[in-house]
Amino acid sequence: MQLSFEFFPPRTDQGKLNLKQVRQELSAIKPHYFSTTFGAGGTTQEATLETVLDIQANDGVSAAPHLSCIDSEKSKILALLSQYKAAGINRIVALRGDIPSGVRDIGDFHYASELVAFIRHEFNDHFHIEVAAYPEMHPQAKNMNTDIQHFANKMKAGANSAITQYFYNADAYFRFVDDVQKLGIDAPITPGIMPITNHTQLLRFSNMCGSEIPRWIEKRLAVFGDDLESLSAFGLEVVDNLCDQLKSQGVENFHFYTMNKSQPSLQLAKNLL
Ligand code: FAD
């Protein structure tokens with residue numbers, strides 16, 4: 001089983017200290033890699049580089065930077081990838097990123113598939129390329145069929161494997177994997193697991209990224225109010241059951257959206273081992 005954990009680059013000194021501690025705790029279970037988001041949620045791209053280099057140099061765990069290409073130029077992407085290669089990094093999570101509102105000139109790349117092809121062209125097989133997958137459809141896609149076709153094209157452009165957006169409905173994941181296999185894609189599609197610890201934040205994320213919170217879960221989260229302890233206990237049970245269901249149907253790799261907290265990702269991961 002391969003487990004990976006995702007962080008966002010901290011902006012404050014306290015945030016950096018906290019993340020160091022989190023990384024140390026998670027390192028104990030020998031993760032496959034630690035990934036770090038890029039430019040998401042207002043974080044700076046320099047902070048990604050700093051976090052990634054720190055992980056690669058100090059954690060004894062491979063670092064995998066996310067790299068989004070929207071609103072960027074080939075020369076900038078090339079320079080960053082060269083820096084990663086020089087630091088011994090050989091895994092990239094290649095993304096389009098969200099189009100900033102009001103931006104008309106979106107740069108040299110329009111879709112993640114173009115970034116994947118560019119990385120393959122410039123670096124041959126040096127990087128293992130992960131891409132994003134959406135079992136419940138990317139929110140801007142025209143429909144599920146075109147989204148799946150675009151995903152397949154992205155894989156065929158040279159990606160090695162994929163990580164999904166989070167979901168709480170295992171059927172959506174298995175149906176997605178079946179559908180892409182019918183298009184000739186057998187590469188691993190790792191479920192992205194989002195622990196449930198905060199009702200308001202989860203609603204906000206899900207509104208943005210299109211992940212459905214099943215009604216029964218939403219209704220139960222709504223009654224916990226300020227009782228975060230009970231909410232977290234319920235969330236842990238729900239997500240633990242999801243992981244069990246995935247594992248029992250043959251899933252071997254799991255990617256955790258840690259939100260820079262070691263618990264409950266660590267608890268969920270330990271339950272899988
Ligand atoms: P794409 O694969 O390019 O798809 C985007 C949309 O375009 C889809 O609707 C697709 O159907 C459509 N499309 C693709 N190709 C074509 C085509 N040829 N013609 C017409 N339509 C097409 N965001 C960040 O900013 N930073 C991060 O670090 C980050 N990490 C992420 C990690 C994971 C695992 C996931 C699942 C998402 C992450 N995101 C991140 C969010 C991601 O950037 C957004 O979801 C973004 O809107 C789409 O990126 P993508 O790489 O999936 O795009």
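This is a predicted model: local features need pLDDT of at least 70, side-chain atom pairs count only at pLDDT 80 or more; totals for chains, interfaces and linings use all residues.

Biologist: What makes the pair Arg23 and Asp59 a salt bridge?
Modeller: Their side chains meet at 2.7 Å, N to O. The cut-off is 4 Å, so the pair qualifies as a salt bridge. It links Arg23 in helix α1 with Asp59 in the loop between α2 and β3, 36 residues apart.

Biologist: Why are Lys20, Arg23, Asp54 and Asp59 called a network?
Modeller: These residues are linked by salt bridges. Asp54 meets Arg23 at 3.2 Å, N to O; Asp54 lies in helix α2 and Arg23 in helix α1, so this pair ties together parts that are 31 residues apart in sequence. Lys20 forms a salt bridge with Asp54, with the closest N and O atoms 2.9 Å apart.

Biologist: Why is Lys20 called partly exposed?
Modeller: Its relative accessible area is 38%. Buried means under 20% and exposed over 50%, so Lys20 falls in between.

Biologist: How do you know that α6 and α9 are roughly parallel?
Modeller: Their axes come within 10 Å and cross at roughly 30 degrees. Angles under 35 degrees count as roughly parallel, and α6 and α9 are therefore described in that way. The contact is made by Ala170, Tyr173 and Phe174 of α6 and Leu242, Gln245 and Leu246 of α9.

How values were computed
Residues are numbered from 1 along each chain as its sequence is written. Side-chain values use heavy atoms; hydrogens and water are left out. Axes are lines fitted to C-alpha atoms, for helices over the stretch in contact, and angles run from 0 to 180 degrees between N-to-C directions. Helices (H or I, at least four residues) and strands (E, at least two) are DSSP runs, numbered from the N terminus. Angles under 35 degrees count as roughly parallel, over 145 as roughly antiparallel, 65 to 115 as roughly perpendicular and the rest as oblique. Contact means heavy atoms within 4.5 Å. Buried means under 20% relative accessible area, exposed over 50%, partly exposed in between (1.4 Å probe, protein chains only).
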